[in-house]
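Open the model in your viewer and keep the selection tool at hand. We will go from stop to stop.

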Amino acid sequence: MSANQVNNLDVVVLGAGFSGLYMLHRLREAGFSTRVYEAGDGVGGVWYWNRYPGARCDIESIYYNYSFSEELYQEWNWTSRYPDQPEILRYLNYVADKFDLRRDIQFKTRIIAAHYDEKMNLWNVKLNDGTSVSAKYFISGAGCLSSANLPNFKGLESFKGEWYHTGKWPQEKVDFKGKRVGVIGTGSSGVQAIPVIAKEAGHLTVFQRTPQYTIPARNHLYDPAFIKQTKENFAEIKRLMRETDTGNGLQIRNISALSDSPAKRRELFEKVWEEGGFGLTSSYNDFLINEEANHTVSDFIRSKIKEIVHNPETAAKLLPDYYFGTKRPILDSGYYETYNRENVTLVDVKEAPIIEITPNGLRTIDGEYELDIIVFATGYDGMTGPLFKMDIRGKGGMSLKEKWEGGSMVRSYLGLATSDFPNFFMITGPESPSVLVNMPSAIEQHVEWIIDCLEYLREKGVDAIEPTVEAEEAWSKHCREVAEATLYVKTESWYTGANIAGKPRSFLIYLGGFVHYTQKCNEVAASGYNGFTLSTIKALR
Ligand code: N01
């Protein structure tokens, strides 16, 4: 079916990642004609693009999957504690095949614009192949981290070597063997890629702006007996995914870090450090709201860095000083140990900033580094970035970017919708719990809420839905107040938009807890969509 044959759809969905695939499945089941547009030539979303060496999920695999289908859960076997990118991509391809999703997905097609036509009550969606489609509803499954950030370094076009961004990695294997490689960036992507690249490269230079806390993942293969047990416990796994604040199987211990003696705390920290994974983050309940509590865990990780890294000068450069957890926590496999290798150099680019990329490498104010390959592990324009990449226009031709004043005035109701953009929904949008919950959990909750809503509107003969200004103002205010009471807002991070030059600072993740948030969404639905305006065509004309 070509794009120009699919006018007047019920729904257009953007993206064929975890969000778009499940949204499509549910829409089709409910009888809505739907088309998904995906820029990649396969399903997977971020897991399609993030093929960099070492790419792996840091949520345990038994929780990093859908829970809507027990049959699917019983059929799929994860091989290790933390699934690597190829395995997650195989899983999503399996899902696409099992539910026969591909026939309604148009690959290699990017949505470049979506304009709401008030007269027709339709979304006109423009595609990069020059065609357009129209649909009553437009649903974004673009996610929070799909717009890669390539900093505007002077001279990149003059570079004679190869360069790559972790978030747009090529399908072919990149050969680092014997090469002089530079990695810029030490967030989750850099921390995963650096140990793997170091093993292959002739020499690796890491250009670090902000040192990060990372915790050993201690990944291992799963024992088949364990997998069997998780399948028997499907109901409990589903409950943990859907009815806890993390959605990832971790339960935050409801006790302050300051209520234990230093010796007892250290004993617990050592234990969870040895176990690996995010157990450290959930060992006490006040790391993100109490500076002193945060110091206990930050000091502990700093002591580990000093223990692991042999060269004291390198260790000193690697010591973070922000509040642990206020940048996205990271799991690693041998990250700090990598700096003990002879072929690895750490350069502090906060102390000596990068001035330019040169034909032969990279120059900081301290001098030039000759490189054959540069890897940009420089992250994403998060939250609003994927939405602003398209020209989304609501009533009166106003763009989303204009309405949200470039990101400084984001106003949404529950992170699901925004006023003046009728029949537009965002899966894990700004001001929802999104990235601070296990993503499949957050996605399933949003998709199920949206499908219930569309079924309700169809049943009641409603043609358009949008939040009231009052409801979204109140929700946004609530989001800001909750965030202001935490340490998150004290740290410069992609959470706050500080990683992108010129981007307005705002904290767009709802921190009131996934359980509370889900309850609130359910209450809104049960009330007949309080806080939304529901209109019929008659009212619209
Ligand atoms: O990006 P980041 P990421 N000059 O923004 C540096 C998810 N994820 O792709 O901290 C020099 O965290 C920047 O420095 P600074 C996860 O949610 C998950 O690594 O801004 N350096 C930082 O060190 C994660 O949080 C997995 O000072 C520059 C780095 O680049 C999110 O994606 C795996 C620079 C960017 O770190 C983003 O992670 C991977 C410049 N001009 C990613 N600009 C899982 O395991 C930026 N930097 C599931």
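Select Arg218. Arg218 sits in the loop between strand 10 (214-216) and helix 6 (224-232). Helices here are DSSP runs of H or I with at least four residues, strands are runs of E with at least two, and both are numbered from the N terminus. Look at the backbone: Arg218 has a positive phi of about 50°, although it is not a glycine. Is Arg218 buried, exposed or partly exposed? Its relative accessibility is 33%, so Arg218 counts as partly exposed. Buried means under 20% relative accessible area, exposed means over 50%, and partly exposed is in between (1.4 Å probe, protein chains only).

A word on what you are looking at. This is a predicted model, where local features need pLDDT of at least 70, side-chain atom pairs count only at pLDDT 80 or more, and totals for chains, interfaces and linings use all residues. Residues are numbered from 1 along each chain as its sequence is written, and side-chain values use heavy atoms, with hydrogens and water left out.

Now select Ser434. Ser434 also has a positive phi, of about 30°, and is not a glycine. Find Ser434 in the loop between strand 18 (424-426) and helix 14 (439-460). Ser434 is buried, with a relative accessible area of 0%.

**The ligand**

How many residues surround the ligand? There are 23, and the closest are Ser189, Arg209, Thr210, Lys327 and Trp494. A residue counts as near if one of its heavy atoms lies within 4 Å of the molecule. Colour this shell by type: nine residues are nonpolar, nine polar and five charged. Here Ala, Val, Leu, Ile, Met, Phe, Trp, Tyr, Cys and Pro count as nonpolar, Asp, Glu, Lys and Arg as charged, and the others, Gly among them, as polar. Which helix gives the most to the shell? Helix 5 (residues 188-200) does, with three residues.

Next, look for polar contacts. Such a contact is a pair of N or O atoms within 3.5 Å; within protein, one must be able to donate a hydrogen and the other to accept it, and residues adjacent in sequence count only if both atoms are side-chain atoms.

- Select Arg209: an N or O atom of its side chain is 2.8 Å from an oxygen atom of the ligand.
- Select Thr186: a polar backbone atom is 2.9 Å from a ligand oxygen atom.
- Select Arg328: a polar side-chain atom lies 3.4 Å from an oxygen atom of the ligand.

Taken alone, the ligand exposes 920 Å², and the protein buries 89% of that. Accessible areas come from the Shrake-Rupley method with a 1.4 Å probe; for residues, only the protein chains shown count as cover.

**Aromatic rings**

Show the aromatic side chains. The whole structure holds 49 aromatic pairs. Rings of Phe, Tyr and Trp (its six-membered ring) pair if their centres lie within 6.5 Å; planes under 30 degrees apart count as stacked, over 60 as edge-to-face and the rest as tilted.

Select Trp273 and Phe300. Their ring centres are 5.7 Å apart and their planes are at 85°, so this pair is edge-to-face. Trp273 lies in helix 8 (residues 262-275) and Phe300 in helix 9 (residues 291-308), so the pair ties together parts that are 27 residues apart in sequence. Trp273 is buried at 4% relative accessibility, and Phe300 is buried at 2%.

Move to Tyr510 and Tyr517. Here the ring centres are 6.0 Å apart and the planes are at 45°, so the pair is tilted. Tyr510 is buried at 3%, and Tyr517 is buried at 0%.

Two rings have a charge over them. A charge sits over a ring if NZ of Lys or CZ of Arg is within 6 Å of the ring centre and within 35 degrees of the ring normal. Select Arg458: its charged end is over the ring of Phe32, 4.1 Å from the centre. Then select Arg51, which lies over the face of Tyr48, 4.7 Å from the ring centre.

**Last stops**

Select Gln106 in strand 3 (residues 105-106). Gln106 is buried, with a relative accessible area of 11%. Its side chain makes a polar contact with the side chain of Arg35 (3.4 Å).

Finish at Ile365, in the loop between strand 14 (361-364) and strand 15 (367-370). Ile365 is exposed, with a relative accessible area of 54%.
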